[in-house]
Amino acid sequence: MSVTLHTSLGDLKIEVFCEAVPKTAENFLALCASGSYDDCLFHRNIKNFMIQTGDPTNTGKGGQSIWGKPFPDEIRSTLKFNARGVVAMANSGPDTNKSQFFITYSKQGHLEGKYTIFGKVIDGHDTLDAMEKVPVNEKSRPLKEIKLINVTIHANPIAQATLNS
């Protein structure tokens, strides 16, 4: 399954790891489908580290899961912070996933085992490059607004063929 995040700086296509992390994928895709991420700001941007979004209040402190409460981590030893473009849930400690997520700008081995990885950027690396170059204030908030305008969910043709047969 994949989605395209349509941002004010261009598109990011993300492969979502539905089989490896089913609860996280369900939450993310349902939030995408409901429009919860529409017009969210990328509120935290740290060069050589990551960019974060997914808070409908645009404060960096809000957002909720589809279940109305935090949900458990789905840490998988096979999913690593070993590249640029890894997509993971933001949290405030173990088992506190809600709606916020981040995309890495580089390998981040120190994050292993602490955040649920649920996807990777498969297209739009130029957009990720543009995001990383946006200047920020002392709190890592972009000085020029970067917005997640909306999300397109792409059908999985293999799953569709199975459903239709």
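Arg-84 touches Thr-104, Tyr-105, Ser-106, Leu-128, Asp-129 and Glu-132, leaving aside residues up to four places away in sequence; contact here means heavy atoms within 4.5 Å. All of this comes from a predicted model, where local features need pLDDT of at least 70, side-chain atom pairs count only at pLDDT 80 or more, and totals for chains, interfaces and linings use all residues. Residues are numbered from 1 along each chain as its sequence is written, and side-chain values use heavy atoms, with hydrogens and water left out.

Arg-84 sits in the loop between β5 and β6, with helices (H or I, at least four residues) and strands (E, at least two) taken as DSSP runs and numbered from the N terminus. At 28% relative accessibility, Arg-84 counts as partly exposed, since that label covers the range between buried (under 20% relative accessible area) and exposed (over 50%), with a 1.4 Å probe and protein chains only. Two polar contacts go with this residue: its side chain has a polar atom 2.7 Å from the backbone oxygen of Tyr-105, and a 2.9 Å contact joins the side chains of Arg-84 and Glu-132. A polar contact is a pair of N or O atoms within 3.5 Å; within protein, one must be able to donate a hydrogen and the other to accept it, and residues adjacent in sequence count only if both atoms are side-chain atoms. Arg-84 and Phe-49 are 35 residues apart in sequence, yet 9.1 Å apart in space, C-alpha to C-alpha.

Glu-132 leads on to helix α2 (residues 125-132), where Thr-127, Leu-128, Met-131 and Glu-132 are buried. These residues are on the same side of α2 because they cover an arc of only 140 degrees around the axis, the arc being that of the directions from the helix axis to the C-beta atoms. The buried residues of α2 pack against β1 (2-7), β2 (10-16), β4 (44-46), β5 and β7 (101-104).

As for the strands, nine of them form an open sheet in the order β3-β9-β1-β2-β8-β6-β7-β5-β4, with antiparallel pairing. β3 (40-41) and β4 stand at the edges with a single partner strand each, so one side of each has no neighbour in the sheet. Two strands pair if DSSP finds at least two bridges between them. β5 is joined to antiparallel β7 by four bridges, with Gln-52 partnered by Phe-102 and Ile-51 by Ile-103. With β4, β5 pairs in the antiparallel sense over three bridges, and here Ile-51 is the bridge partner of Asn-45. The β4-β5 hairpin has three residues between the strands, and Asn-48 takes a positive phi near 65 degrees there. β5 is covered on both faces: Met-50 and Gln-52 on one side and Ile-51 and Thr-53 on the other are all buried.

Back in the loop between β5 (50-53) and β6 (86-89) is Ser-65, which counts as buried at 6% relative accessibility. The Ser-65 side chain reaches the backbone oxygen of Lys-69 at 2.5 Å. Not counting residues up to four places away in sequence, Ser-65 touches Asn-27, Phe-71, Asn-97, Lys-98 and Ser-99.
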